[in-house]
Amino acid sequence: MNMPLMTHEMIQKYFDECYKPCIHEIKQTLCLKLNETYGELYYYSLVKLLKYLNITSQDHFLDIGSGIGKLVFQIFLTTEAASVTGIEINTLRHSIAIQIKEKLQQQLPEIFVKKFLNLQPGDFLNFELDHITIAYVCSIVLSFELLNSIGKKIN
Ligand SMILES: C[S@@+](CC[C@H](N)C(=O)[O-])C[C@H]1O[C@@H](n2cnc3c(N)ncnc32)[C@H](O)[C@@H]1O
């Protein structure tokens, strides 16, 4: 499969197929625990955001709270970023993201030669991430206290 020749529609469909076998596991992760509320940025909302970000091969992207990995995989497959990192505190969501990463590695090995895809379980606040050039966080679901701590760490 040649990714640069794929349309957004094809990529979205490909993602849907990848996640289909995990649908029951995904439902189990939709908890309402504070700071672990789940939500996703829509595929085309990220396409719009990416136009403004203008990510280059010098960039190292981080998704703070990467959930089941959709945003991380979209950045990895559709941008030039040298590395894409996702950190997720909810272990079940992280394990789903790992399953999808393994599938991508099997099906699209050539993309993994040039770029680095890093999925880490745990609390963002405990990671050393000095190389990151762009950090994304879906802030609307996080508490003021957590956002304050994230802001301090980034500063
Ligand atoms: C709304 S989801 C965002 C998913 C994805 N980034 C997106 O925007 O499509 C936010 C995620 O952040 C995770 N999270 C909350 N606090 C965290 C922390 N301290 N470290 C890492 N992940 C965290 C939650 O478990 C949840 O899966």
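Axes are here lines fitted to C-alpha atoms, for helices over the stretch in contact, and angles run from 0 to 180 degrees between N-to-C directions. The model is predicted, and local features need pLDDT of at least 70, side-chain atom pairs count only at pLDDT 80 or more, and totals for chains, interfaces and linings use all residues. Residues are numbered from 1 along each chain as its sequence is written, and side-chain values use heavy atoms, with hydrogens and water left out.

Helices (H or I, at least four residues) and strands (E, at least two) are DSSP runs, numbered from the N terminus. The axes of α3 and helix α4 (residues 70-78) come within 11 Å and cross at roughly 50°, and α3 and α4 are therefore oblique to each other, given that angles under 35 degrees count as roughly parallel, over 145 as roughly antiparallel, 65 to 115 as roughly perpendicular and the rest as oblique. In this contact (heavy atoms within 4.5 Å), Tyr-43, Leu-46, Val-47 and Leu-50 of α3 meet Leu-71, Gln-74, Ile-75 and Thr-78 of α4. By class, six of these residues are nonpolar, two are polar and none is charged, where Ala, Val, Leu, Ile, Met, Phe, Trp, Tyr, Cys and Pro count as nonpolar, Asp, Glu, Lys and Arg as charged, and the others, Gly among them, as polar.

Helix α3 (residues 43-53) also approaches helix α1 (residues 8-19), their axes coming within 11 Å and crossing at roughly 130°, and the two helices are therefore oblique to each other. On the α1 side, His-8, Glu-9, Ile-11, Gln-12 and Phe-15 meet Tyr-43, Tyr-44 and Val-47 of α3. The residues of this contact divide into five nonpolar, two polar and one charged.

Four strands form an open sheet in the order β3-β2-β1-β4, with parallel pairing, two strands being taken to pair if DSSP finds at least two bridges between them. Strands β3 (116-121) and β4 (134-137) stand at the edges with a single partner strand each, so one side of each is left without a neighbour in the sheet. Neighbouring strands are turned by 15° against each other on average, direction ignored. Within the sheet, β1 and β2 (residues 83-88) pair in the parallel sense over five bridges; Leu-62 stands opposite Thr-85 in β2, and Asp-63 stands opposite Gly-86 in β2. Four of the five residues of β1 (residues 60-64) are buried, so this strand is largely enclosed by the rest of the structure; buried means under 20% relative accessible area, exposed over 50%, and partly exposed in between (1.4 Å probe, protein chains only). Helix α5 (residues 91-107) lies across β2 and β3, running at about 155° to β3.
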